[in-house]
Amino acid sequence: MAALAPPVAAIRVAVRRALADLPPGGPVLVACSGGADSLALAAATAFVAPRTGRAAGLVTIDHGLQEGSAQRAAAVATWAREVGLAPVESVRVEVAGRPGGPEAAAREARYRALAEVAHRLGATALLTGHTRDDQAETVLLALARGAGPRGLAGMPARRDLDGVPLLRPLLEVGREQTRTACAVLGLSPWEDPHNADPSYARARVRADLLPALVRALGPGVLDNLARTARLVAADNAVLDGLAAAALADVRHPDGGLAVRGLADLPPAVRGRVLHAWARELGAPPAALSHRHVTALDALVTGWRGQGAAHLPGGLRVLRRDGRLAAIVPR
């Protein structure tokens, strides 16, 4: 019996670990574009899930942004059924008219569609094929934006997507491993032309910056960037816990937040408290930025009688009578 190719084995082990902690219930669904990463993930899930007593299906999203996208989605769905994945769905989404640039609009449409399918099918979890290389790119883009610890934590291995666990089993698997696994298994991945389009920042990082870093610092730089994300994520979890407790402590009996309690908090915790409170008020998370939190913080630590801090969603926050008070638009 021939030995199993190491990349195939590594991906199957990663999937098995991701599925191990899930409760029994509905199917796990792989989000698959047909690219090497998600195709290797889908093949591994088709192998692993039945052997752990789980049903596994697949969802492919057609963004309608490229010629032949419908045929590509149909081909992915046909392959999935052939390897025993069920249920299998191909979903067309409309990207035009959504907020943000093309990447953000496509991502928002994709995740909304994935969540809707997962709820309709009673899925236990959604799996995506993000790899260690994607994580390294995310960390570098966060550095370039000055995103702070939350951005440097990169993509979590598990997060909630509208009440459905979204898992990223391959965050410690390299992109080259997924390509090799596809070759070993006789799979023909689709090459997304957007991944090579220099008009996208991530494509430029992938084509130019990461190779330059590898040449300058060695191949270990990819693992080190991904490790940085894991370490920062662990620190974030502790700080977020402290901030949740602090938010409860600084609530003012007349509503809003007590300025004195906020002023006594360490800056790292206070910033998270203000960020969480702004989201609680209804500020859209995607639009809430560092400058908004800085404006709130100035009402606490740099008070000079200034007017309201303006938040996304038309929200305003004033300092009055020793508290921060929100004015919510009607």
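How much space lies in the second largest pocket?

Modeller: Happy to! Please keep in mind that this is a predicted model, where local features need pLDDT of at least 70 and side-chain atom pairs count only at 80 or more, while totals for chains, interfaces and linings use all residues. Residues are numbered from 1 along each chain as its sequence is written, and side-chain values use heavy atoms, without hydrogens or water.

The second largest pocket holds about 510 Å³ of space. (A pocket is an open set of points on a 1 Å grid where a 1.4 Å probe fits, with protein on both sides within 12 Å along at least five of seven lines; lining residues have an atom within 4 Å of a point.) Its lining has 22 residues, and those closest to the centre are A157, R168, P169, L171 and E172. By class, 15 lining residues are nonpolar, one is polar and six are charged. (Asp, Glu, Lys and Arg count as charged; Ala, Val, Leu, Ile, Met, Phe, Trp, Tyr, Cys and Pro as nonpolar; the others as polar.)

Two elements give two or more residues to this lining: α1 (6-20) and α9. (Helices are DSSP runs of at least four residues, strands of at least two.) Helix α1 provides the largest share, with five residues.

On the α8 side, L210, L213, V214 and L217 make the contact, and they meet V221, L222 and L225 of α9. (Contact means heavy atoms within 4.5 Å.) Seven residues in this contact are nonpolar, with no polar and no charged ones.

Now for a sheet. Six strands form an open sheet in the order β3-β2-β1-β4-β6-β5, with mixed pairing. (Two strands pair if DSSP finds at least two bridges between them.) At the edges stand β3 (88-92) and β5 (158-161), each with a single partner strand, so one side of each has no neighbour in the sheet. From one strand to the next, the twist averages 30°. Strand β2, residues 56-62, runs parallel to β3 and is joined to β3 by five bridges. Across that pairing, V59 stands opposite E89 of β3. Helix α3, residues 69-82, packs on the sheet and touches β2 and β3, its direction making about 175° with that of β2.

Key: Points joined across faces, edges and corners; volume = space filled by probe spheres on them. Axes fitted to C-alpha atoms, helices over the stretch in contact; angles between N-to-C directions.
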